[in-house]
Amino acid sequence: MGLGSIYHKLVLTSPRVEVAFRCFYWNNVKTLRRFRKLSSEDVYVEVDKPVDFDKILVYLRENGVKKDDIMVIHSSFSSLASSKLSAEEVIDKLYDLVNEGGSLAMPAIRSFEEEQNYGDYIENYMGDVAQKFTTVYNVFQSPVIAGLLPFTLMRYDDAEISKFPLNPLTAIGAHAKAMMEYNIKGSFLTAHGPNSAWAYCAEHDAWNIGIGVDIKDYLTIFHVAQEVPEWPVKDWYFERNFIIKKSKHETPLRIRERKHIWTKYFAEVNFYTDLQRAGILKTTVIDSVPVYMCRSKALFEFIKQQKNPTYPYFIPKRCRK
């Protein structure tokens, strides 16, 4: 039994046990950072095994994806290498599942030069050092670190890209323009807040789908539940400054970002296990490629029904409002 399997077995005894492990890790990250994070598992795909991408499409269709839906796809193109499809072909096949009145969206997460030039990434991440400097987000030029598929999707003629700098989405289809329209407007500016592209997808019951990625890397949309004015945790955010560049236009923007210390209190393994047991999260492996799918409304209704008001975070009561 591998270290990751032992970890999973231990933390599933209780979400509070999992949080205790996470707190230990993050409190000792300087010592432990050279080792693989205990709660993660590498996604292993047999790269020489042929992948029939049409089987993945059939699985998605048979489990409810239809024309007019919105799909948010988290993906690893390398896991599909043996399908012999180009990135454009994969995108076009996915889009065909929903195209008519639907949309295909993908996270187009960026890296920022200012963050890379400010010292140790892990220490800065937990210390929220980004609040000390202004970061430039160039909508068209800031490097994409979310993979080849979103990088390619961004370059479609009809693609829309969020102007919000953290966890931006790119999308094509009937919802794409409306999805991005208000992302940097309003007084409550967060990555997954009320005016975000993520909230738009949640409100329109988007499918959240992972193809070839780790389960923990595919359900970003759940953060919409926390990034609301009534979230019952004190001091949840820090503020940071951006300059948004698009073509020749520059817009200064001050946003809120979740303090990274709260990462300690996310009962990640228990959360995904809860969703699977409730039948909300569907999982399978097709030609060695892991596939996950979850509908937004069912996800948020499940979160709402939990007795813990900060679920799937287990925040100490002293930190609540």
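Strands here are DSSP runs of E at least two residues long, and helices are runs of H or I with at least four, numbered from the N terminus. Two strands pair if DSSP finds at least two bridges between them.

Welcome to the tour! This is a predicted model, where local features need pLDDT of at least 70 and side-chain atom pairs count only at pLDDT 80 or more, while totals for chains, interfaces and linings use all residues. Residues are numbered from 1 along each chain as its sequence is written, and side-chain values use heavy atoms, without hydrogens and water.

**Stop one: confidence.** Colour by pLDDT, the predictor's confidence in each residue, from 0 to 100. The protein's mean is 91, and 92% of its residues reach 70 or more. Now select residues 37-41, where pLDDT is below 50. Where pLDDT is low, the predicted coordinates should not be read in detail.

**Stop two: a sheet.** Select β3, β7 and β8, which form an open sheet in the order β3-β7-β8 with mixed pairing. β3 (134-138) and β8 (249-258) are the edge strands; each has a single partner, so one side of each lacks a neighbour in the sheet. Next, look between β3 and β7 (residues 237-246): they run parallel, joined by five bridges. Zoom in on N138, which stands opposite K245 in β7.

**Stop three: cysteines.** How many disulfides (pairs of cysteine sulfur atoms within 2.5 Å) does the structure hold? It holds zero. C23 is buried, at 14% relative accessible area (buried means under 20%, exposed over 50%, partly exposed in between, with a 1.4 Å probe and protein chains only). Finish at C294, which is also buried, at 1%.

Technical notes:
Contact = heavy atoms within 4.5 Å. Disulfide = S-S within 2.5 Å.
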